[in-house]
Amino acid sequence: LGGPQNGEKLRLALLLDGVQVASAEGSGTTLPLSAPLLLEGGKHTLVAKAQYLDRNNAPLAQADSSSAFTVVPVNTSLLLIGHGPSTDLNFERGVLRYDGKSGSFIGYFGAACHALDLSYGPDGKLYILDAPSFLGDRCDAPYPVRRFDGRTGAFDDIDDEHANYVQDGQQLPNRASMAFGPDGNLYIADDGFSDENGAIYRYQGPYGPDPGERIDTFVTQAESHFRRAGKIHFGPDGALYLASPDNNAIVRYTGPASAEPGRYVGTFVAPGSGGLQGPIDFLFRDDGMLYVASGGKVLRYAGPAQASPGSFLGEFGTVPAALAGLAMGPRDALYASGDGQGSDGVWRLNGASGKSEGLFAHVEPGQHLTVGPLLFSSIPLAAAGLGDFNGDGCVDRSDLDEMMAHILGGVTAH
């Protein structure tokens with residue numbers, strides 16, 4: 001764009017998948033710009049934006065350059081919300097880690113009391129939505145959302161000032177699920193009370209000026225049309241979708257880029273369509289279609305860009321379990337988590353045919369505790385060394401606790 005003169009300056013910004021991750025401004029002809037990132041496997045787009053400004057910050061010229069690339073994961077891990085192999089552990093539902101190829105149990109990842117949801121953020125950190133004990137005073141969850149190292153699962157509130165990411169639990173008395181939006185911010189769905197609708201709140205993402213601070217009520221009670229929230233996801237059209245188990249439907253709201261963000265659009269999948277019952281989780285695949293967990297079935301619907309959006313297209317697959325989570329994994333396979341008939345865990349479905357390939361990861365049965373959402377991590381996780389059972393890079397008391405849990409619970413992964 002040329003060299004700045006007479007008070008003119010250059011402004012640069014770097015965006016990853018639409019989220020600004022770094023910026024710089026100065027009078028030099030070149031400016032240093034870097035952003036350390038941990039990237040999930042899959043397709044990504046990097047955009048560099050340059051502006052040439054006069055002394056009054058008025059734009060004189062601008063230029064953008066973009067590059068699309070694919071990250072091929074070296075290894076994968078399945079992260080699953082579930083109960084531990086021993087009732088002596090000081091949590092009810094934590095994050096369990098399994099080998100992405102064999103399905104064997106590796107250990108616990110992160111920390112929680114009664115984990116409700118989990119997600120990788122745009123910064124490569126693992127975020128866990130937590131709640132107090134549902135079974136008395138077994139454990140507490142003073143912070144609704146906590147942040148952990150995306151590679152090791154370690155939590156260090158000394159080195160990470162935003163480790164306790166969302167700190168005010170009073171703001172989210174009935175938190176249910178969360179998702180990061182295309183704007184890089186965090187969205188949390190909160191159940192309503194007995195005769196009131198729920199709401200969806202928006203919090204600043206990790207690259208905002210005040211990470212973890214509430215921005216607004218993105219979907220108000222008047223606009224929500226739900227009392228109990230299942231999972232929330234952003235669709236390929238940028239809209240926000242929510243599974244409504246009470247209404248047996250998938251509802252849709254305008255996304256953050258809309259002229260009227262957070263507005264109720266209507267039911268995307270009509271109540272009971274195709275036998276839809278009590279949906280908790282769903283996902284959009286690269287084929288443009290919507291896949292929804294319904295009881296022991298995965299149902300398929302037309303996506304927002306297809307003919308007759310939201311229409312029922314048929315049953316994709318079945319597993320012997322009450323499903324609570326869906327995720328895409330290696331080889332384009334579909335993974336479904338839930339409580340089965342005598343078995344709890346994760347089942348694998350062939351990505352093309354939907355045929356069940358059996359129980360992939362097994363979770364020890366728990367009393368009154370259910371298996372929850374899951375995700376596949378293609379961020380290279382740190383391998384556990386000798387004695388480092390939880391893979392956090394340190395052999396300490398937490399590893400002794402986990403070793404005793406394995407012994408008491410009869411788990412032989414280590």
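## Contacts and overall build

Let's start with how the chain meets itself: among contacts (heavy atoms within 4.5 Å) with a separation of 6 or more, 47% in the protein chain come from residues 24 or more positions apart. This is a predicted model, where local features need pLDDT of at least 70, side-chain atom pairs count only at pLDDT 80 or more, and totals for chains, interfaces and linings use all residues. Residues are numbered from 1 along each chain as its sequence is written, and side-chain values use heavy atoms, with hydrogens and water left out.

The protein chain has two helices and 28 strands, taken as DSSP runs (H or I, at least four residues, for helices; E, at least two, for strands) and numbered from the N terminus. Of its 414 residues, 50% count as buried, meaning under 20% relative accessible area with a 1.4 Å probe, protein chains only; over 50% is exposed, and in between is partly exposed.

## Aromatic pairs

There are 15 aromatic pairs here. Rings of Phe, Tyr and Trp (its six-membered ring) pair if their centres lie within 6.5 Å; planes under 30 degrees apart are stacked, over 60 edge-to-face, and the rest tilted.

Take Y241 and F268: they sit edge-to-face, 5.2 Å centre to centre, with 85 degrees between the planes. Y241 is in strand β17 and F268 in strand β19, so this pair ties together parts 27 residues apart in sequence. Both Y241 and F268 are buried. Ring pairs also link Y241, F268, F282 and F284 into a cluster.
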